[in-house]
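Hi,

Here's the structure I said I'd send over. Have a look at it first, and then see my notes below.

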Amino acid sequence: MYKSILLAIDLNDGVGSNQLADTAFRLARDHSANLHIINVLPDFGMSIVGSFFSADQTRKMLQDEQARFEAWAAETVPADIDHDLTVVKGNVYDNILKTADKIGADLIVLGSHKPGMEDYLLGPNAARVVRHAKQSVFVVRG
C-alpha cells in the first residue's frame, strides 16, 4: 500500500526517537517501502536572534547536525531498510510537508508528545502536519 514513507525524527528526543524509528522500520518492511528520514533544525524563532549567527556558523550547525544524524542512522537503521537522510533548517512542519510532497511520500510518520496547555493554544508541529498533509499521517504518541 505504501511505497515511500517519510519519517520525521527529532534526535533530541532520545529514546522517543528510537521508538518512533522502530515503528517506521516496521511499516517500511511490511510495505516494502523506501524510507526517507528527515531531521529539521528549527528556526531561531525571531530574525533578531538569527542575525547573531553568521552564514558560516549556520553552515557549521547544519554540517554538525548532518554528522550526528548519519551517526544515529548508522547505529539505528537496520541494514535491510532502504533509506536516505535529509537535514534541513527552518520551520519544522512546513519542511516536513514540503519534503513529503517533493519525494512523493505516501505516508508521513512522526511523533507527538502528550499535549500541554500551550499546545491547545498554539498547535504543535504534529497537529499542523496532520491538518495540512496531502498524505496519510501516522502519529506515534511519545
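**What I found**

Of the 142 residues in the protein chain, 37% count as buried. Keep in mind that this is a predicted model.

On the overall layout: the chain has six helices and five strands, and going along the sequence they come in the order β-α-β-α-α-β-α-β-α-α-β. If you take the contacts with a separation of 6 or more, 80% of them are between residues 24 or more positions apart. The accessible surface is about 8400 Å², with carbon and sulfur atoms making up 53% of that.

Now the inside. The largest nonpolar core has 23 residues. Which residues have the most contacts inside it? They are I5, L7, I9, L35, I37, W72 and V109. The elements that put two or more residues into this core are β1 (4–8), α1 (15–31), β2 (34–42), α3 (55–76) and β4 (107–112). Of these, α1 gives the most, with six residues.

I9 is a handy place to start clicking around. Setting aside neighbours within four places in sequence, I9 is in contact with S17, L20, A21, I37, I38, N39, V40, F69 and W72. Two of those names, I37 and W72, are also on the list of residues with the most contacts inside the core.

There's also a second, separate core of 13 residues, and V40, L97, A100 and A126 are among them.

Cheers

Technical notes: Residues numbered from 1 in each chain as written. Predicted model: local features only at pLDDT ≥ 70, side-chain atom pairs only at ≥ 80, totals over all residues. Heavy atoms only, no water. Helix = DSSP H or I, 4+ residues; strand = E, 2+ residues; numbered from the N terminus. Buried < 20%, exposed > 50% of the residue type's maximum accessible area, 1.4 Å probe, protein only. Contact = heavy atoms within 4.5 Å. Areas by Shrake-Rupley, 256 points an atom, 1.4 Å probe, with all protein chains shown as cover. Core = buried A, V, L, I, M, F, W, Y, C linked by side-chain atoms within 4.5 Å.
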